[in-house]
Amino acid sequence: MIAQEAQYRDWMLASLAGDAAAYRMLLQGLTRHLRSYYARRLDNGAAEDAVQETLIAIHARRATYDPALPFTAWVYGIARYKLIDEYRRTKRRATVPLDEAGDLFGHDEATDAIARRDVRKLLDKLPEAKRRLVEDIKLRGVSVADAAARTGLSESAVKVTVHRAIKALGEDLERDPNADR
Amino acid sequence: MRTDDLIAQLSSGLEPVKTGAVTRLLLIAVAAGLAASALVMLTVLGLRHHFAEAITGFGIWMKFAYTFALIAFGFGLVERAGRPGADMLRPALLLVLPFAAIVLLAALQMAAPGADMHQLVMGRSTSLCAVAIPLVAAPSLVAAFWALRQLAPTRLGLAGAGAGMFAGAMGAFVYAFHCPEDSAPFVAVWYTLWISLTSVIGAFAGRWALRW
């Protein structure tokens, strides 16, 4: 994050002086973090809208960046404000947990993709029927009742299967945490 | 629109940002706010009686100094409030300095031999002062909100409180041209109280009026 701070701040200072090429690189870089940040908090369509709204806000309010202060904190302040604004519009939730700028700059699309790939690999170790149940309930948010109806199992059998599958995966990871890295 | 297209659009024809743009905006707000508050004071209340005589006295300059110091520190507070990621605590704590000075002066006046405590604190005009400072401050509050909305306040309640305090100080500064009370205890209690009330009004109003 410290390296990012230095790079982004350099681009921002050049942008404030009117350097369009630096500005484009800055916005492209920030977009990767913003996509990841909003994807973890909003629905798909709303997330990309929030990314664009934040980019427009960064552009329109760029004079409020004080070069004496950290650039990452400035961007994070705007991203968080736009998230709260989106929650307020859709009346989904009144408060946003007090997280830190690291929450924006600690992730980007690339690390998210790696995390998704890791989950994928792990799930592939399960037998087909179990894997589908875990995916449906834990990843897609299908209700236990719906999953039971689809498979013909009882609801408690579904719960037990998913619970055991997750436990098995956890034990597998503990035995050899770096097997697939 | 695709995000890549948006980025291309935003970065084409990029204008450099003038340094000191935020300060300039806030100075415009101060000038406009003071002028509009002065207009309200002159039309609704009028200058104090025997103004030419009072302007040479200690009391009116004490009020100018106290309220001007609050305007100056309030300026710093609002400037921070308009910048995402900036710390508002330190500029807020600085407000203690002018308040401590007026309290010290008030204590000295009350400790003087033969001081009439009640008259020093209550004066003769508390009931009017109560309504008048927030009233005179109202146009300044509008000016402060106008400026803040062009910046990027991210904690709207706090930003509104800062803008309210700033505007209350401007209102009190202008009100000092009308106010016939010249004792430090009166200013320490009532001016501070009504500036604080303007700050509370700003905090509530800011939660929706400062959205951007």
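The legends below describe close-up views of a predicted model, with its confidence, its chains, one interface and one core. Residues are numbered from 1 along each chain as its sequence is written, and chains are lettered from A, with ligands numbered from 1, in the order in which they are written. Because the model is predicted, local features need pLDDT of at least 70 and side-chain atom pairs count only at pLDDT 80 or more, whereas totals for chains, interfaces and linings use all residues.

View 1. The model as a whole scores ipTM 0.86 and pTM 0.78.

**View 2. The helices of chain A.** Chain A has 9 helices and 0 strands, where helices (H or I, at least four residues) and strands (E, at least two) are DSSP runs numbered from the N terminus. Of the 181 residues in chain A, 24% are buried, that is, have 20 or more other C-beta atoms within 10 Å of their own, with C-beta atoms placed from the backbone (12 or fewer counts as exposed, and in between as partly exposed).

**View 3. The side of chain B that touches chain A.** The contact takes 29 residues from chain A and 20 residues from chain B, two residues being in contact if their C-beta atoms, placed from the backbone, lie within 7 Å. On the side of chain B, α1 (3–11) and α2 (21–45) are the elements that give two or more residues, and α1(B) gives the most, with 5 residues.

**View 4. Surroundings of B:F173.** B:F173 is found in helix α9 of chain B and counts as buried because 27 C-beta neighbours lie inside 10 Å. Leaving aside neighbours within four places in sequence, B:F173 is in contact with B:F64, B:T67, B:F68 and B:I71. The C-alpha atoms of B:F173 and B:M62, which are 111 residues apart along the chain, are separated by 11 Å.

**View 5. The largest nonpolar core.** This core (a set of buried Ala, Val, Leu, Ile, Met, Phe, Trp, Tyr and Cys residues joined through C-beta atoms within 7 Å) has 83 residues, of which B:I133, B:A144, B:L148 and B:F166 touch the most other members. Helix α9(B) gives the most to this core, with 13 residues. Beyond four places in sequence, the contacts of B:L148 include B:V78, B:A81, B:A163 and B:L210.
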